[in-house]
Amino acid sequence: MPLSHCAVNPELQPAHRVRAVEVLTELYDGLDESTLQQLARSESPEVRARAIWSAGQTGIESLEPPLLFAYLNDEDPLVVRCALEAMARTQNELQQQFLLPTLVERLGDPQPIVRQAASRGVSTLAPANEVRLLEQVRTTSLQARFAFEL
């Protein structure tokens, strides 16, 4: 069975699926967008988190924002943290700009690991996007403003 089939096979244990994603990332240049879309719907948060981690390692710039939104708005904090860390790797200013409202939301997230990852992501923004983010953060929660300043 090819590794990509192992990664998306819900009958396999999550640990085996995670390892398939890791091998695909380390040896075969990561996951294609179709596989990332399938994994975004996985029941296992560990699999979803490793999938978006893979995208961050191998080329987040090529992903469409709706697919990133699926991971950035996940219900599991680990998945969101990994999505924010992957997002921090992009140098695509248009992609960054499109994702700013979601970053603002995550700066005010109730989960500390999500806020911390969002805060770290701010430092990787293009200067123009950092200014745009500041403008948006000023009208949001105190928690988000504090996380922005870290």
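Reply: Let's start with a word you'll need: a residue is buried when its relative accessible area is under 20%, exposed when it is over 50%, and partly exposed in between, using a 1.4 Å probe and protein chains only. By that rule, buried residues make up 47% of the 150 in the chain. This is a predicted model, so local features need pLDDT of at least 70 and side-chain atom pairs count only at pLDDT 80 or more, while totals for chains, interfaces and linings use all residues. Residues are numbered from 1 along each chain as its sequence is written, and side-chain values use heavy atoms, with hydrogens and water left out.

The chain has ten helices and zero strands.

Now zoom in on α2, which covers residues 14-28. Its 15 residues reach 20 Å from the first C-alpha to the last, close to the 21 Å expected at 1.5 Å a residue (that is, 1.5 Å times one less than the number of residues). Just after α2 ends, Asp29 takes a positive phi of about 65 degrees.

Stepping back out, the C-alpha trace of the chain spans about 50 × 30 × 20 Å along its principal axes.

Key
Helix = DSSP H or I, 4+ residues; strand = E, 2+ residues; numbered from the N terminus.
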